[in-house]
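Please keep the sequence and the model in view while reading.

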Amino acid sequence: MLFCFSGVDCLLSAFWLQHRHHPPPFFLLMRAVEGIGYLAIVVAAPTLIAENAAERNQPAALALWGTFFTPGLSLAAIAGGTLAPAWGWQAWFAANGGLVAATAVVGFLLLPPEKEARGPLPDSSGPPAGLGTAAWLLGGAFLGLTLLSLSILSMMPTFLIEAHGFTSAQAGSTTGLIALASIAGSLAYGLLGRRTGPITPIVAAAILLVASALPAFEPGFDSSAAVTAATVAVFGSGILMAFTFSAV
């Protein structure tokens, strides 16, 4: 339900902001509701996938889930760079909200019913440390990875506009194409991880990500160098995303 609400709040926010009937705090509140809906899906979906996928397919299915953000970001950046200036940002905002709400309805209709629990549920009253050190380290690493990869993609349009004179449409489309490199990275991990083991791809991806993130925002480089560096960094993040979800 939160997922559906997050779509509806996009529609309401677009309407009310367009008519200036509500102050900025209302918009921030709607953004918080949207974030809760997003978080609910991101947390619940891997569990749903793990429950319904065959055991031998679980790592691949979860690794594929790790790419969910990138296609959406790519399509939104590419389409938004063209449609938002033509439609106005309010109409583009409302269209996205309607799409989210429609997707929620489809999910309610098509997702399998919740399975009945077999036997008693595990005791969840124990200390969080029971998860083990590896789980906490993996979670901390994923937090850092998410912060870095999203920072690259969210700041790149502004950087391309201010440092390289891109138009909004050009910056959005370019960032969308850069984001697609994450999918290529996830697919690369699926191929390499089975042949070499996880350590080699992880180390290589971490080096690529860190070494390319800073040059991507170096004003002294031309735009092609910046885009190439950002693409390499996002490619590395895709490898690490795939590993994280397959390790769940």
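In which helix does Ala 242 lie? Ala 242 lies in helix H10, where helices (H or I, at least four residues) and strands (E, at least two) are DSSP runs, numbered from the N terminus. This is a predicted model, in which local features need pLDDT of at least 70, side-chain atom pairs count only at pLDDT 80 or more, and totals for chains, interfaces and linings use all residues. Residues are numbered from 1 along each chain as its sequence is written, and side-chain values use heavy atoms, with hydrogens and water left out.

**Overall architecture**

- The secondary structure of the protein consists of 10 helices and zero strands.
- Along the sequence, the pattern reads α-α-α-α-α-α-α-α-α-α.
- Of the 248 residues in the protein, 30% are buried; buried means under 20% relative accessible area, exposed means over 50%, and partly exposed lies in between (1.4 Å probe, protein chains only).
- Among the contacts with a separation of 6 or more, 75% are between residues 24 or more positions apart; a contact means heavy atoms within 4.5 Å.

**Ala 242 and its surroundings**

- Ala 242 counts as buried, at 0% relative accessibility.
- Not counting residues up to four places away in sequence, Ala 242 touches Ala 63, Ser 186 and Tyr 189.
- The C-alpha atoms of Ala 242 and Ala 63 are separated by 4.3 Å, although these residues are 179 residues apart along the chain.

**Aromatic pairs**

- The structure holds three aromatic pairs; rings of Phe, Tyr and Trp (its six-membered ring) pair if their centres lie within 6.5 Å, and planes under 30 degrees apart count as stacked, over 60 as edge-to-face and the rest as tilted.
- One of these pairs is Phe 159 with Phe 217, which is edge-to-face because the ring centres are 5.3 Å apart and the planes stand at 65°.
- Phe 159 lies in helix H6 and Phe 217 in the loop between helix H9 (199-213) and H10, so this pair ties together parts that are 58 residues apart in sequence.
- Phe 159 is buried, with a relative accessible area of 13%, whereas Phe 217 is partly exposed, with 25%.
- Tyr 189 and Phe 243 also form an edge-to-face pair, because their ring centres are 6.2 Å apart and their planes are at 75°.
- This pair links distant parts of the chain, with Tyr 189 in helix H8 (residues 181-196) and Phe 243 in helix H10, 54 residues apart.
- Tyr 189 is buried at a relative accessible area of 11%, while Phe 243 counts as partly exposed at 22%.

**The largest pocket**

- The largest pocket has a volume of about 1,700 Å³. On a 1 Å grid over the protein atoms alone, a pocket is an open set of points where a 1.4 Å probe fits, with protein on both sides within 12 Å along at least five of seven lines; lining residues have an atom within 4 Å of a point. A volume is the space filled by probe spheres set on the points.
- This pocket is lined by 38 residues, and Glu 34, Phe 69, Gly 72, Ala 76 and Asn 96 lie nearest its centre.
- Helix H4 gives the most to this lining, with 11 residues.
- The lining divides into 25 nonpolar, 11 polar and two charged residues; Ala, Val, Leu, Ile, Met, Phe, Trp, Tyr, Cys and Pro count as nonpolar, Asp, Glu, Lys and Arg as charged, and the others, Gly among them, as polar.

**The second largest pocket**

- The second largest pocket has a volume of about 780 Å³.
- Of the 28 residues that line this pocket, Val 42, Phe 142, Thr 146, Thr 244 and Phe 245 are the closest to its centre.
- Helix H6 provides the largest share of this lining, 11 residues.
- By class, this lining has 20 nonpolar, eight polar and no charged residues.

**Helix H4**

- Helix H4 has a kink of about 45°, centred on Gly 80; the bend at a residue is the angle between axes fitted to the seven residues ending there and the seven starting there.
- The buried residues of H4 are Thr 70, Ser 74, Ala 77, Gly 80, Gly 81 and Ala 84.
- Gly 88 follows H4 and has a positive phi, near 95°.
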